[in-house]
Amino acid sequence: MTPVSHNNGDNEIFNEERRLYLRKRSSMMPTEIANQFVAARRHGRHLPEYPGPIPQSLSAAYAVQDAAIHATGQSVIGWKVGRIFPPLSEKFGANRLAGPIFTAHTLSADAVASGNIFTGGFGAAEAEFLIKIGSDLPLGKQDYTLEDAERQIAAVHVGIEIASSPLPTINELGPAVTVSDFGNNNGLIIGQAIPDWQSSNFADWDVRLEIDGTVAGSGSANAFPDGPLGAVRFLLNNLGERGIAIKAGTWISSGAVTGVHQVTPGQSVQAFFDTSLLVSCTIEAAPIV
C-alpha cells in the first residue's frame with residue numbers, strides 16, 4: 001500500500017492555527033473563563049476540559065470565581081468551605097477553600113428537597129454542619145481568631161451540600177480549579193437547628209451518609225483542622241481579604257464530614273447526625289435555564 005503523503009503547506013497552516021489557539025487560550029482573562037463556566041451551568045452543557053489556562057494560585061482562582069459570581073447576577077446566601085489536603089495544602093498555602101452558595105439553590109429540608117447535579121459533569125452529596133452568622137461584620141477584617149469566629153455564630157444546623165460542576169474532572173485537577181467554578185457547589189439543603197449547640201459537642205458527633213439505603217461514609221467534624229470553628233475562621237478571613245461583605249444570616253457550610261460521595265439522578269440521600277437529626281433529599285438532573 002502506498003503511504004499517504006502530507007502536504008507541508010497544510011501542516012504549516014495547521015501548526016500556525018494551533019499556535020494561535022494555544023496563545024489565545026493561555027491569555028484568557030478571568031472573566032472569559034468565568035463566562036464559560038456560567039454558560040455551561042445555565043445551559044446544562046458539560047465541559048470536556050478546563051475552559052482556559054488552569055489557575056496556578058488560589059488568588060488567580062478566586063479572581064475567576066469573583067467574576068463568575070458577578071456574571072450570574074444571582075444573590076449569594078452563604079459559602080461552602082472545603083478541605084485542601086497535603087501536599088497540595090503546602091503548595092497552595094491553605095488547608096481550605098471557599099465557594100458561593102446561591103439563594104436560588106438553597107432549600108429547606110422541611111419540604112421534599114431535591115439536589116440538582118449537572119449531566120455529564122461531576123455530582124456529589126456531602127453531610128455538613130451549617131453555621132449561621134448572627135450580625136453584619138466589618139468589611140475587610142482579616143484577623144479573626146477561633147474565639148472571634150465562635151462569637152459570630154447565631155445557630156448551627158445540620159444539612160447536605162450538593163457539590164456539582166459541569167467539569168467532570170474538577171476534583172482531579174486540584175483546588176485552584178475547584179475554587180474557580182464556585183468551589184464545586186450547586187446547592188444546599190438546610191436541616192434542623194441543633195438545640196443548645198454551644199454545649200452539644202456537635203463536632204464530636206458521629207455522622208453517617210447513606211445513598212439509596214447503603215452507607216457511603218461516616219465520620220466526625222473534629223477530624224478537620226480546628227473543626228467547624230476552623231472553617232468559620234477561614235471563611236471570615238477569606239472574605240475579608242477579598243473585600244466581600246458578610247451580612248447577618250450568611251450561611252457557612254463547614255465541610256464534608258463523611259467525605260465527598262458521588263451521586264447520580266434518581267438516587268436518594270440521607271444524612272444522620274448523632275442519634276436524633278436527619279436530613280434527606282433526592283438527586284435530579286440540573287434544569288436548563
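Reader: In S10, which residue is the bridge partner of isoleucine 131?

Author: Strands of a sheet pair through backbone hydrogen bonds, either parallel or antiparallel. In this predicted model, isoleucine 131 has isoleucine 252 in S10 as its bridge partner. S5 and strand S10 (residues 251–253) run antiparallel and are joined by 3 bridges.

Reader: Which other strands are joined to S5 by bridges, and how many bridges are there in each case?

Author: Strand S6 (residues 153–165) runs antiparallel to S5, with 12 bridges between them. Within S6, serine 165 stands opposite phenylalanine 122. Strand S11 (residues 261–262) is also antiparallel to S5, and 2 bridges join them. Here alanine 125 has histidine 261 of S11 as its bridge partner.

Reader: How many of the residues of S5 are buried?

Author: Of the 12 residues of S5, 11 are buried, so the strand is largely enclosed by the rest of the structure. Two faces must be kept in mind when reading any strand. In a regular strand the side chains alternate between the two faces of the sheet.

Reader: What is the order of the strands in the open sheet, and which are the edge strands?

Author: The open sheet has 5 strands, in the order S4-S13-S12-S8-S9, and its pairing is mixed. Strand S4 (114–117) and strand S9 (214–219) are the edge strands, since each pairs on one side only. From one strand to the next, the twist averages 25°. Between strand S8 (residues 207–211) and S9, which run antiparallel, there are 5 bridges. Serine 218 in S9 stands opposite arginine 208.

Reader: Over which ring does the charged end of arginine 208 sit?

Author: The charged end of arginine 208 sits over the ring of phenylalanine 272, 4.1 Å from the ring centre. Another such case is arginine 83, whose charged end sits over the ring of phenylalanine 224, 5.6 Å from the centre.

Reader: How is a pair of aromatic rings described?

Author: A pair of aromatic rings is described by the distance of the centres and the angle of the planes. This model has 5 aromatic pairs. In one of them, phenylalanine 129 and tryptophan 205 have ring centres 6.1 Å apart and planes at 65°, so the pair is edge-to-face. The cut-off used in that step is over 60 degrees for edge-to-face.

Reader: Where in the chain do these two residues lie, and are they buried or exposed?

Author: The pair links distant parts of the chain, 76 residues apart. Phenylalanine 129 belongs to strand S5 (residues 122–133), while tryptophan 205 lies in the loop between helix H7 (197–200) and S8. Both phenylalanine 129 and tryptophan 205 are buried. Ring pairs also link Phe129 and Trp205 with Phe202 and Phe273 into a cluster.

Reader: At what angle do helices H2 and H3 pack?

Author: Helix H2 (residues 30–43) packs against helix H3 (residues 58–72) at an angle of about 50°, and their axes are 8 Å apart. The two helices, H2 and H3, are therefore oblique to each other. Their crossing is right-handed.

Reader: Is glycine 266 buried or exposed?

Author: Glycine 266 has 69% relative accessibility, so it counts as exposed. Glycine 266 is placed in the loop between S11 and strand S12 (268–273). Its C-alpha is 6.0 Å from that of glutamate 284, although the two residues are 18 residues apart in sequence.

Definitions and conventions:
Residues numbered from 1 in each chain as written. Predicted model: local features only at pLDDT ≥ 70, side-chain atom pairs only at ≥ 80, totals over all residues. Heavy atoms only, no water. Pairing = 2+ DSSP bridges. Helix = DSSP H or I, 4+ residues; strand = E, 2+ residues; numbered from the N terminus. Axes fitted to C-alpha atoms, helices over the stretch in contact; angles between N-to-C directions. Phe/Tyr/Trp six-rings, centres within 6.5 Å; stacked < 30°, edge-to-face > 60°. Buried < 20%, exposed > 50% of the residue type's maximum accessible area, 1.4 Å probe, protein only. Lys NZ or Arg CZ within 6 Å of the ring centre and 35° of its normal. Parallel < 35°, antiparallel > 145°, perpendicular 65-115°, else oblique. Left-handed = near helix turned anticlockwise from the far one by under 90°.
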